[in-house]
2 protein chains.
Amino acid sequence: MAGLTPEQRTAWLRLIRSENVGPRTFRSLVNHFGGAAAALEALPELARRGGRPIRVCGKAEAEDEIAENERRGVRLIALGEPDYPAALAAADGAPPLLGVAGHASVFLRPVVAIVGARNASSAGRSFAGRLAYELGGAGWVVASGLARGIDAAAHDASVGTGTVAVFAGGLDCVYPPEHADLASRIVEEGALVSEMPMGWQPRGRDFPRRNRVIAGLALGVVVVEAAMRSGSLITARLATELGREVMAAPGSPLDPRCEGSNALLREGATLVTRSDHVIEALSPLVDREAPRPQPISFAQAATAGFAPITPGDDDRARILELLGPSPAAVDDLVRQARVEARSAQVVLLELELAGRLERRPGGAVALREVDPWL
Amino acid sequence: MAGLTPEQRTAWLRLIRSENVGPRTFRSLVNHFGGAAAALEALPELARRGGRPIRVCGKAEAEDEIAENERRGVRLIALGEPDYPAALAAADGAPPLLGVAGHASVFLRPVVAIVGARNASSAGRSFAGRLAYELGGAGWVVASGLARGIDAAAHDASVGTGTVAVFAGGLDCVYPPEHADLASRIVEEGALVSEMPMGWQPRGRDFPRRNRVIAGLALGVVVVEAAMRSGSLITARLATELGREVMAAPGSPLDPRCEGSNALLREGATLVTRSDHVIEALSPLVDREAPRPQPISFAQAATAGFAPITPGDDDRARILELLGPSPAAVDDLVRQARVEARSAQVVLLELELAGRLERRPGGAVALREVDPWL
């Protein structure tokens with residue numbers, strides 16, 4: 001596939017910017033309806049059947065965002081297009097559209113993520129910088145989150161060889177603001193990346209989603225100084241889920257900033273104290289071709305003869321009855337409800353779009369807790 | 001076996017204090033001749049056949065050492081006697097006689113070794129102390145080498161619950177001298193241990209031998225801050241050879257004092273940052289009975305009908321011809337020389353006693369480089 005047509009790109013953007021549509025729901029919708037345009041048409045009715053109408057992104061709004069990106073030199077690269085980062089394309093939950101400022105060509109080189117504590121020690125920052133500098137010199141692209149501390153040290157040391165900063169908000173919303181200069185230096189040889197629209201100020205829950213993109217871009221993640229329950233540990237967990245290598249630098253047992261990274265090492269992360277340890281761990285992965293999850297099929301328009309399913313009310317009722325706040329495996333659900341699998345998938349889509357269903361790890365789903373006063 | 005008779009004890013002491021007789025040669029001799037007294041009788045002739053006469057420890061000298069130990073309240077406990085530390089008894093190369101000042105009863109409790117850098121950081125010392133204190137409180141006896149830095153911190157924190165200091169020299173030669181007060185506090189609830197005679201000032205090569213006793217006494221060794229090529233790494237290697245658990249505390253990648261301990265972690269040592277990590281790693285070993293390597297047979301007098309072998313000159317010549325400065329496996333040697341195995345063992349004993357043969361790890365032997373000007 002060479003790329004999306006302008007009409008397809010607008011439809012993709014409208015779909016991913018609609019309420020309650022994340023990367024996974026996007027994929028389910030496009031696969032079920034055979035294309036983004038068909039999914040968009042079905043969206044209001046699906047959500048209504050799920051129990052609550054949702055806001056669908058209008059055509060003008062999407063066209064404005066595309067125009068704004070063009071004005072600022074930001075490319076919106078679609079999953080399945082040649083310039084989409086190959087490692088990310090292979091990741092479950094990859095963003096359908098990725099905003100890229102700078103050089104998308106860095107993604108032709110292998111990427112390693114270096115993340116860690118915002119309040120990192122001086123030694124931790126030095127180590128992250130040395131690692132990033134040496135990995136950059138060895139041909140690796142360093143990805144991180146532009147945060148204070150370890151992230152900034154890693155970016156700063158690899159500005160000259162190409163580094164990638166993944167934003168939790170829009171590409172015009174540099175966070176923290178004092179890293180605006182660093183961001184502008186990153187663009188010269190590397191790239192700024194975001195799946196969020198321009199103007200989007202990052203909120204708390206956007207950071208784990210951003211961390212998934214960092215992990216997805218990279219063959220492996222190096223954690224330098226991470227406290228327990230820190231964002232870096234989330235990135236490491238996501239990297240594990242995505243089958244990527246997790247590495248960590250050791251730190252003093254008495255330093256709370258190293259409790260998380262030391263815990264990763266106890267759980268089996270590869271201990272790295274030198275850049276060649278990282279290269280040794282990741283080199284076997286470089287030439288292994290990333291498995292692309294059916295990228296073509298869902299980038300095309302509706303297949304001829306394609307017939308979307310409308311589940312019967314009985315099916316919907318039986319599935320709803322089986323769902324609760326505890327996660328249930330979709331496979332079990334389908335079997336217990338005695339509903340055709342594709343039909344069950346549509347019911348789940350409906351509930352997801354209506355904001356009543358959460359996807360949990362390992363193919364499980366749960367009803368979302370709803371505030372009774374709303 | 002209840003214990004050695006006074007005559008046996010004197011014979012054991014004479015044998016182990018004779019020139020070129022280490023713990024392994026001691027065991028070979030006693031096993032071959034069926035007792036220490038018979039081995040002592042054979043010693044001069046064996047060494048002569050090996051090519052060089054050796055100094056055999058006289059009866060009066062041994063009796064003086066025993067008397068001196070008694071005067072100072074030091075017990076000489078023999079391998080195979082009930083009070084000999086069970087974990088050490090199971091270790092290859094265990095000293096036949098162990099000098100113990102203080103409470104030998106500490107060896108009825110499980111022992112964990114904590115070792116590390118003499119020039120340890122303040123954080124490293126604090127961590128070693130915290131670990132030793134908590135392990136002591138949990139019923140463990142802490143063993144170490146009384147060195148400056150980590151060793152001293154570990155002893156100091158576990159004085160109240162029982163700690164064991166293993167000396168590289170005689171028990172009257174506290175090294176370093178400024179730890180004399182610490183040593184006297186250790187004796188109150190714990191023990192000082194040495195395989196060397198009173199008055200023996202430790203030399204460089206005594207320390208690795210001492211480290212083997214530390215590793216042998218313990219179910220596992222925790223290394224806190226060790227540089228590359230440090231004594232603590234030797235202790236860790238010996239612990240691995242003895243099948244004991246090797247643990248290490250992580251440290252900053254930029255601190256040379258942690259390079260060795262971090263390297264151990266990369267090689268598979270268990271990462272520990274809390275005392276319960278140590279307990280978790282060692283608990284499964286506590287109740288497992290240590291395999292005692294034939295302790296009775298070699299503590300007894302010569303077996304009735306026992307006939308020591310005298311190898312023929314042809315056998316000796318064929319074996320010598322096959323030996324060189326590169327290590328050779330004893331099994332290969334025996335096969336290639338077409339010599340009876342027991343006969344070959346005696347030839348090797350002869351050469352060992354004459355100081356011409358070195359034992360290498362894994363059952364290999366090599367001719368010792370001899371200074372041509374001697």
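How far apart do the end C-alpha atoms of residues 308–363 of chain A lie, and how much of the span is helix and strand? The legend to Figure 1 gives the values. The model is predicted.

**Figure 1. Residues 308–363 of chain A, a span annotated in UniProt.** The end C-alpha atoms of this span lie 22 Å apart. The span is 55% helix and 11% strand. UniProt names the feature "domain: DprA winged helix", in an unreviewed entry. A:Arg338 sits in the loop between helix 14 (330–337) and helix 15 (341–353) of chain A. Phi of A:Arg338 is near 50 degrees. That is a positive value in a residue other than glycine.

**Figure 2. Residues 76–282 of chain A, under another UniProt annotation.** The record, an unreviewed entry, gives "domain: Smf/DprA SLOG" for these residues.

Figure 3. A:Pro176 is in the loop between strand 5 (163–166) and helix 8 (180–189) of chain A. B:Pro176 is found in the loop between strand 5 (163–166) and helix 8 (180–189) of chain B.

**Figure 4. Where chain B is in contact with chain A.** On chain B, 18 residues take part; on chain A, 19 residues do. The two chains bury about 1500 Å² between them. Carbon and sulfur atoms account for 69% of that area. Three residues of chain B stand out: B:Pro253, B:Leu254 and B:Arg266. They supply 44% of the area that chain B buries against chain A, more than any other three residues.

**Figure 5. Salt bridges and polar contacts across the interface of chain B and chain A.** The rule finds 2 salt bridges here. One of them joins A:Glu280 to B:Arg266. The closest N and O atoms of this pair are 3.5 Å apart. The interface also has 5 residue pairs in polar contact. On the side of chain B that touches chain A, the elements giving two or more residues are helix 6 (122–137), helix 11 (259–266), strand 9 (270–271) and helix 12 (275–286). Helix 6 of chain B gives the most, with 4 residues. By class, this side of chain B has 8 nonpolar, 7 polar and 3 charged residues.

**Figure 6. Chain B laid on chain A.** A turn of 180 degrees and a shift of 0.0 Å along the axis bring chain B onto chain A. The RMSD is 0.1 Å. The two copies are thus related as by a two-fold rotation axis. Which C-alpha of chain B is nearest the axis? B:Gly251 supplies that atom, which lies 2.1 Å from the axis. Of the interface residues of chain B, 100% are also interface residues in chain A, so the copies meet through the same surface.

Key: Residues are numbered from 1 along each chain as its sequence is written. Chains are lettered from A and ligands numbered from 1 in the order in which they are written. This is a predicted model: local features need pLDDT of at least 70, side-chain atom pairs count only at pLDDT 80 or more; totals for chains, interfaces and linings use all residues. Side-chain values use heavy atoms; hydrogens and water are left out. Contact means heavy atoms within 4.5 Å. Buried area is the accessible area (1.4 Å probe) that two parts lose on being put together, summed over both. A salt bridge is a side-chain nitrogen of Lys or Arg within 4 Å of a carboxyl oxygen of Asp or Glu. A polar contact is a pair of N or O atoms within 3.5 Å; within protein, one must be able to donate a hydrogen and the other to accept it, and residues adjacent in sequence count only if both atoms are side-chain atoms. Ala, Val, Leu, Ile, Met, Phe, Trp, Tyr, Cys and Pro count as nonpolar, Asp, Glu, Lys and Arg as charged, and the others, Gly among them, as polar. Copies are superposed by least squares on the C-alpha atoms of residues with pLDDT of at least 70 in both. UniProt positions are given in the numbering used here, feature names are shortened, and annotations may be inferred rather than shown by experiment.
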